[in-house]
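Please look through the structure shown below before reading the notes.

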Amino acid sequence: MSVISAKHKVTEMSEREVPRGYKETEIGIIPIEWELDSAEKLMTIETGSRNTENKTYNGRYPFFVRSQQIERIDSYSYDCEAVLTAGDGVGTGKVYHYFIGKFDAHQRVYIMTHFCGINGIFFFYFFKQNFLDEVIKYTAKSSVDSIRRNMIAKMQIPLPSLPEQQAIAEALSDVDSLIENLEMLIKKKKAIKQGAMQELLTGKQRLPGFEEEWVEKKLGELLFYEQPQKYIVRNTEYVESGIPVLTAGKSLVLGYTHETDNLYTNLPVIIFDDFTTESKYINFLFKIKSSAMKMLTSSGLCNLHFIFERMQMIDFILKDHQRYWISEYSKIKVKIPLSHEEQTAIADILSDMDNEIELLTAKLNKTKQIKQGMMQELLTGRKRIWKPEEKIIMFPVYKTGHTPQFDDAVMIAGIVNVFYSEKYPLGRKKVQKLLYLLHRHQDKSTTAFKKKAAGPYADEVRYKGGEPIARNSQYITTNTVKGKGTTFAKGANIEKALEYINTWGKQNDIQWLIENFRFKTVDELELLATVDMIISDLNKEGTPVSIDSIKYLIATNNEWKAKLQKTIFGDIMIAKSIKDLEKLF
């Protein structure tokens with residue numbers, strides 16, 4: 001940048017009005033307490049090592065390649081939280097993935113892991129929202145051929161506090177969940193309609209009250225083909241509502257006009273620009289802008305909507321409109337009810353289904369717009385859903401005004417503080433069991449803990465909750481050695497977590513852990529936590545607690561049945577654990 005342009009930029013920035021509580025930065029105005037840092041200081045950035053030919057059909061693990069489609073593979077090189085993007089190809093700057101667990105990646109896929117000081121989901125949303133614009137700065141092109149590591153590494157990221165990052169990530173994740181649920185519901189409704197079409201439009205299922213036979217007719221007997229006159233719209237500045245002006249293509253509606261002359265009023269019609277694609281059933285006034293548009297109208301022998309739906313089940317292979325209508329399409333035979341009333345009744349049922357799908361689709365599109373607005377507002381701090389002087393409002397709140405996830409982060413730090421030693425490494429399995437038992441002591445929910453092989457085990461705590469928050473806040477550090485698992489140690493900021501424990505009055509809870517479990521082995525903790533979870537299940541079922549009933553539930557669970565092969569899960573030790581748990585809880 002030249003001196004002149006740099007001076008101009010500084011002047012421009014200084015003249016911009018900065019709201020109270022905000023500050024000007026090189027990436028724009030952000031809240032005054034937010035920081036700015038480069039991606040390379042907040043995470044590990046690398047590329048995968050696999051090639052496309054390494055993929056396997058129905059492989060055990062996800063295989064991220066340079067497209068939105070996720071392939072499968074039988075190997076994994078990563079077992080962690082990660083954000084991924086295509087390094088080159090058509091997906092460059094457009095393909096983004098967030099994943100937790102075991103996976104592998106193509107050698108031209110960038111992988112961001114080991115997040116420190118930044119929430120992984122928060123980064124995913126920020127990265128997806130801003131990275132393409134960042135890359136374009138380097139290329140000066142709207143289309144990107146490839147990505148270099150520095151494009152990611154030097155990217156400046158605005159950083160709220162970790163609790164605020166968590167709140168923003170949760171808010172956006174909630175909207176994503178709503179979008180996903182709507183998409184699934186629309187897919188389900190479309191499948192239901194497809195099934196109804198197969199039954200009702202072929203006569204396999206008859207509506208009550210209709211018994212007349214169905215007759216075979218040629219499309220040419222039922223429909224008239226024509227190319228409508230192209231109406232000239234005098235005012236090309238379209239308005240937001242009024243009479244739709246139709247054009248060729250998927251969009252169909254070019255715009256709206258208030259001009260009322262030359263309306264097409266021979267309603268309803270089937271309109272299309274290619275006979276085999278994008279046909280629409282129209283039952284409202286309209287104008288036509290494109291001469292490529294064609295129309296079908298009823299000859300009077302059928303309900304046009306019924307025939308429109310029936311034609312969706314025909315595979316029209318040929319595409320030349322008028323010539324093939326005369327020579328081919330008009331000769332296609334379909335069976336239809338002889339009764340117009342039955343045709344109309346079937347069409348009305350399918351129309352109601354279409355209306356429901358359209359309403360859901362409109363809601364989906366609106367939700368996507370809302371999410372886009374939320375990302376623009378929340379990721380820049382223009383809108384705040386969390387403030388230091390207020391309680392977080394996005395989660396269930398304890399008396400102390402913090403989230404369950406943040407609470408776990410602090411308590412994990414407390415566990416590490418008293419159970420860590422250089423001589424005896426503190427593994428994740430032990431931390432998970434201690435946290436489970438602590439939840440029970442505090443009468444907190446243990447629903448996050450599942451019957452995993454090493455369970456009770458909470459993936460949610462490991463990937464989305466307390467552990468990444470504690471690590472990113474530098475309350476703890478973790479070290480993962482392939483084949484040996486992950487160990488925990490004290491972080492640079494662990495004193496901050498201990499201050500929270502004192503402020504919240506949780507010292508007695510940590511002391512309870514020390515008094516009861518300081519010298520317990522990992523196997524002994526697993527036995528206690530497992531038996532406790534089984535006892536809870538037995539109590540819910542109203543089944544008496546005994547050695548046999550506990551062993552039966554363990555044996556009938558695929559994840560847990562291997563536990564019974566361990567010496568620690570012998571009858572004597574199970575009996576002892578029952579007595580110990582009675583004293584503990």
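The briefing below goes through these topics one by one.

This is a predicted model. The chain has a mean pLDDT of 84, with 87% of its residues at 70 or more. A search of the whole structure turns up two cavities of 30 Å³ or more, and the second largest pocket has a volume of about 900 Å³.

**Confidence along the chain**

- Residues 1-14 have a pLDDT that stays under 50. For this stretch the model has four contacts beyond four places in sequence.
- Residues 389-401 also have a pLDDT below 50. Beyond near neighbours in sequence, residues 389-401 have 28 contacts in the model.

**The sheet of E20, E22 and E21**

- This open sheet is made of three strands in the order E20-E22-E21, and its pairing is antiparallel.
- Why is one side of strand E20 (426-427) and of strand E21 (476-481) left without a neighbour in the sheet? Both stand at the edges with a single partner strand each, so one side of each has no neighbour there.
- Strand E22 (residues 485-490) pairs with E20 in the antiparallel sense, over two bridges. Gly 427 stands opposite Thr 487 in E22.
- Helix H9 (residues 404-419) packs on the sheet and touches E20, E21 and E22. The direction of H9 makes about 85 degrees with that of E22.

**The sheet of E14, E13 and E17**

- Three strands form this open sheet in the order E14-E13-E17, and the pairing is mixed.
- Strand E14 (253-257) and strand E17 (287-288) are at the edges; each has a single partner strand, so one side of each is left without a neighbour in the sheet.
- Strand E13 (residues 243-246) and E17 pair in the parallel sense over two bridges. Val 245 stands opposite Lys 287 in E17.

**The largest cavity**

- Rolling a probe the size of a water molecule over the atoms shows where empty space is left.
- About 60 Å³ of space lies in the largest cavity.
- Which residues line the largest cavity? The lining consists of Glu 81, Tyr 98, Asn 119, Gly 120, Ile 121, Gln 166, Tyr 463, Lys 464, Pro 468, Ile 469 and Asn 472.
- Helix H2 (120-139) and helix H12 (466-472) each supply at least two residues of this lining. H12 gives the largest share, three residues.
- By class, the lining of the largest cavity has five nonpolar, four polar and two charged residues.

**The second largest pocket**

- The second largest pocket is lined by 29 residues, of which Asp 79, Cys 80, Arg 462, Thr 480 and Thr 486 are the closest to its centre.
- Which strand supplies the largest share of the lining of the second largest pocket? E21 does, with six residues.
- At least two residues of the lining come from each of strand E7 (78-86), strand E8 (96-105), helix H11 (459-463), H12, E21 and E22.
- The lining of the second largest pocket divides into eight nonpolar, 11 polar and 10 charged residues.

Technical notes:
Residues numbered from 1 in each chain as written. Predicted model: local features only at pLDDT ≥ 70, side-chain atom pairs only at ≥ 80, totals over all residues. Heavy atoms only, no water. pLDDT = per-residue confidence, 0-100. Contact = heavy atoms within 4.5 Å. Pairing = 2+ DSSP bridges. Helix = DSSP H or I, 4+ residues; strand = E, 2+ residues; numbered from the N terminus. Axes fitted to C-alpha atoms, helices over the stretch in contact; angles between N-to-C directions. 1 Å grid on protein atoms, 1.4 Å probe; cavity = no way out; pocket = protein on both sides within 12 Å on 5 of 7 lines; lining within 4 Å. Points joined across faces, edges and corners; volume = space filled by probe spheres on them. Nonpolar A, V, L, I, M, F, W, Y, C, P; charged D, E, K, R; others polar.
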